[in-house]
Amino acid sequence: MNSLLTTVDFKTLSTYNPELKNVVILATGGTIAGSGEAHKTLNYEPGALPISDLLASVPHLDEVANCAGIQVSNLCSADITVSHWLTLASIINSLAGRDDIHGFVITHGTDTLDETSYFLNLVLKTDKPVIITGSMRPATAISADGPLNLYQSVALAANPEACGMGVMVVFAEGIYSGRDVQKVNTFKANAFDERDFGCLGYMRDSEAFFYTRTLKKHTTAAQFDVSALSSLPEVSVAYFHVDANPGILDYLATLSQGIIIAGAGGGIYSKSWIDKVGELKQSNIPVVRCSRISSGITLKDAYIDLSSNSIPCNSLVPQKARILLSLALTQTKDYDRIAAMYNEY
Ligand SMILES: NC(=O)C[C@H](N)C(=O)O
């Protein structure tokens, strides 16, 4: 058993209130734990402050839930690895079985938060709320946005309405699905949105207002089980552009068991890439087509899928299509089965 699990004991909290729900906070780092000069939001150290400081910075948090923190890592989210994902999945899947734990919040850097959200959405085996949040301004900045994001995430994690909704992201008073959330601005505090679909709802103070839910499979309905894995099949992303060298695909094939192409328009690429993708199919390296455009869908297309050599991604962005292909490859290399997953998830 992971030694971090034994540290979760709500009754030892000086503020413990038996009337409230119990929420576990898993801290991974990011700007929400960043430290620097108050007026410099560009130059700071991400992942510098411990979870205890983050919790202490949120007034009235002990009125919405009893919170126990676990420091999983403390780094910039560009340094998150599959090993961190497997650790998060294993901790949450283990703790979710406890009757005295009602929800989870993960604090995370915003730059790869969309990827961690989708991965966990596919591999967690719980209906209990799992909320991911972060901040755009470091904890030490003027008008730091982390404390409100954390306050509202804990409130949502303690809210029974959030059960069974899949992994969600709370950011700048919006509630987003882990499947569709994407970062849409490099520096503004309102940095997240959902591909084409708006958001699931809003947070106002500690109250949640839901308006919609995702129809795609997740958590307890998903078929993926990573509990026995220490790594995932390697999948790389190739970005297509005018006159792109098909040799890139040859190179990626030496590193990868599957390849995602971020194609132009509806996920297309040149004849030289079409030929190369055909060769990859012969070599048993599945290729999934996505678009480098951040909205719309990528479907089967007579021009590009001449002999069904590639699998269209439906509506996932390349970095999320990569996660699904990696998980799919833990079960199959069959093109039809993988294609079905891109419609289900
Ligand atoms: N706003 C942030 O959290 C950005 C930071 N570089 C990270 O992803 O860790």
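These are my notebook entries on a predicted model.

**Ground rules.** I count residues from 1 along each chain as its sequence is written. Because the model is predicted, I take local features only at pLDDT of at least 70 and side-chain atom pairs only at pLDDT 80 or more, while totals for chains, interfaces and linings use all residues.

**The core.** I looked up the largest nonpolar core and found 95 residues in it. Such a core is a set of buried Ala, Val, Leu, Ile, Met, Phe, Trp, Tyr and Cys residues joined through C-beta atoms within 7 Å; buried asks for 20 or more other C-beta atoms within 10 Å, with C-beta atoms placed from the backbone. Helix 4 (residues 146-157) gives the most to this core, seven residues; helices are DSSP runs of H or I, at least four residues, numbered from the N terminus. Domain 1 (3-221) and domain 2 (235-344) both contribute, so the core lies between them; the bounds come from an automatic or database domain assignment.

**V23.** This residue is among those with the most contacts inside the core. Beyond its neighbours within four places in sequence, I find V23 in contact (C-beta atoms within 7 Å) with partners including A65, F104, V154 and A157.

**Two loops.** D205 sits between strand 11 (201-204) and strand 12 (207-210); strands are DSSP runs of E, at least two residues. Its phi is near 50°, positive though D205 is not glycine. N284, in the loop between helix 6 (271-282) and strand 15 (287-291), has phi near 65°. N284 is exposed too, with 9.

Terms used
Buried ≥ 20, exposed ≤ 12 C-beta atoms within 10 Å, placed from the backbone. Contact = placed C-beta atoms within 7 Å.
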